[in-house]
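Please look at the model below with its chains in view, and follow the report from the sheet to the core.

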Amino acid sequence: MGELPDYSGEYNPDIEFEDLSKEALIRLLKAYQKIFVGALGIWNTLNRQRMSVEEVWKLDGDVYELQLNTFELPQVTRALNIQGNDVATMLKYFQMCPDGARKGLYEFDCDLKDKNHAVLTFTKCPTLFYFERHGSPKDIECLCGPGSIEERAFDAICRYFNPGIKARALKRPPRSSDDDICCQWEFKLEK
Amino acid sequence: MGELNDYSGDFDAELTLPDFSKEALMRLLVASGKLYLGIDGIWTGLMRKKYGDRAAFDLDKEVWFSKALELDIKQTCEAMNIVGDDIPTLFKYLQFGPAFSVIYVGPPPDFEPRVQFELKDRNHGIMTVTRCNSLEYFERHNDTALQKLACEEIDLPAFKWIARRFNPKIECEPIKLPPRQSPDDVACRWEFRMRD
């Protein structure tokens, strides 16, 4: 049996990832990304029926930070053998984590000044766009502002690779227009 | 540049998923599935501390049955072009959904399957989970409450829900559920039948 471009054919009780084409694996990986990010959104939405917006985001931040340290950082770095303690290594994780920054999801321009200093300019953020349409200024503050889930996540990722790497927001939402960038962050190893 | 078998090399700002080998993508798929189910466990754990077992378990069920399962099925079936309303189609989804068969596997590179599917005919199938990471976690931590939530309050109605989502005539019943008699025992076994 050659590589399957999808699974529209007959059911096979013994099928494995190996039997699928690379293109099919990539489509499936992108589907998993959407499912993962979607699940976070479902929790956030349902929790609003039970607690304040601040409590919802605080809980989201607690869950996300714990899952980063327990699952996502060790699983992804192990799966792809990402090793090192500089900013460039951390950016490799950013590119490859399931809810990470890449085309079609959270898109960014990377200015790698040297291996321990980078500026990322996020040009597309589906989560920000969602809360611009459906949320409140408080949501955007809890998502992107000081102490937000975003900042907590970047801090946790920096710490995992090297406690000396610091994340600093150069520009945060709210945006002045739809053409504006979403946010801009500097990652730098501080002496 | 040839296909990368991992990302141990230099950072490349232009690198995308097609630059990796199939083996690397498979490892990343298994990792993605694990953290999807893992974050559910973390979320439920924090909710238990904050609101108690009952409220946390009810909310977790609401998450799965309100939208999460539908999102899971829709995205997986679209990505794999899985179309149909019979038991083989249902099994095709169960083989590739992110929170089930794809993560109940042995270590790389073999990823030995720990969920077995047996299709008696197009209208009758048996699914056996030979080893279940979640059950082994519950057993190690002696967390019977969480085991009952996962197996009886989530998996049981979830498999029934998923079966009906593919075809309202498909019925699902457990043949065997935890607790296990010994570590050599299978974790659970399920029967799917198409009602006349």
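Two strands are said to pair if DSSP finds at least two bridges between them. In this predicted model, six bridges join S3(B) to strand S4 (residues 188-194) of chain B, and these two strands run antiparallel. Within this part of the chain, B:Glu173 stands opposite B:Glu191, which belongs to S4(B). Helix H5 (residues 144-166) of chain B packs on the sheet, where the helix touches S3 and S4 of chain B, and its direction makes about 150 degrees with that of S3(B).

The sheet as a whole is open and is formed by four strands of chain B in the order S1-S2-S4-S3, with antiparallel pairing. Its edge strands, each of which pairs on one side only, are listed here.

| Edge strand (chain B) | Residues |
|---|---|
| S1 | 115-121 |
| S3 | 170-176 |

Taken whole, chain B has five helices and four strands, which follow the pattern α-α-α-β-β-α-α-β-β along the sequence. Because its radius of gyration is 18 Å, close to the 16 Å that the globule rule gives for 196 residues, chain B is as compact as a globular protein of that length. Buried residues make up 41% of the 196 residues in chain B.

The largest nonpolar core has 112 residues, and those with the most contacts inside it are A:Leu25, A:Leu28, B:Leu29 and B:Leu90. Helix H1 (residues 22-51) of chain B gives the largest share of this core, 13 residues. When residues up to four places away in sequence are not counted, B:Leu90 touches B:Ala163, B:Phe166, B:Ile170 and B:Phe192.

Technical notes. Residues are numbered from 1 along each chain as its sequence is written. Chains are lettered from A and ligands numbered from 1 in the order in which they are written. This is a predicted model: local features need pLDDT of at least 70, side-chain atom pairs count only at pLDDT 80 or more; totals for chains, interfaces and linings use all residues. The radius of gyration is taken over C-alpha atoms; the globule rule is 2.2 Å times the number of residues to the power 0.38. A residue is buried if 20 or more other C-beta atoms lie within 10 Å of its own, exposed if 12 or fewer, and partly exposed in between; C-beta atoms are placed from the backbone. A nonpolar core is a set of buried Ala, Val, Leu, Ile, Met, Phe, Trp, Tyr and Cys residues joined through C-beta atoms within 7 Å. Two residues are in contact if their C-beta atoms, placed from the backbone, lie within 7 Å. Axes are lines fitted to C-alpha atoms, for helices over the stretch in contact, and angles run from 0 to 180 degrees between N-to-C directions.
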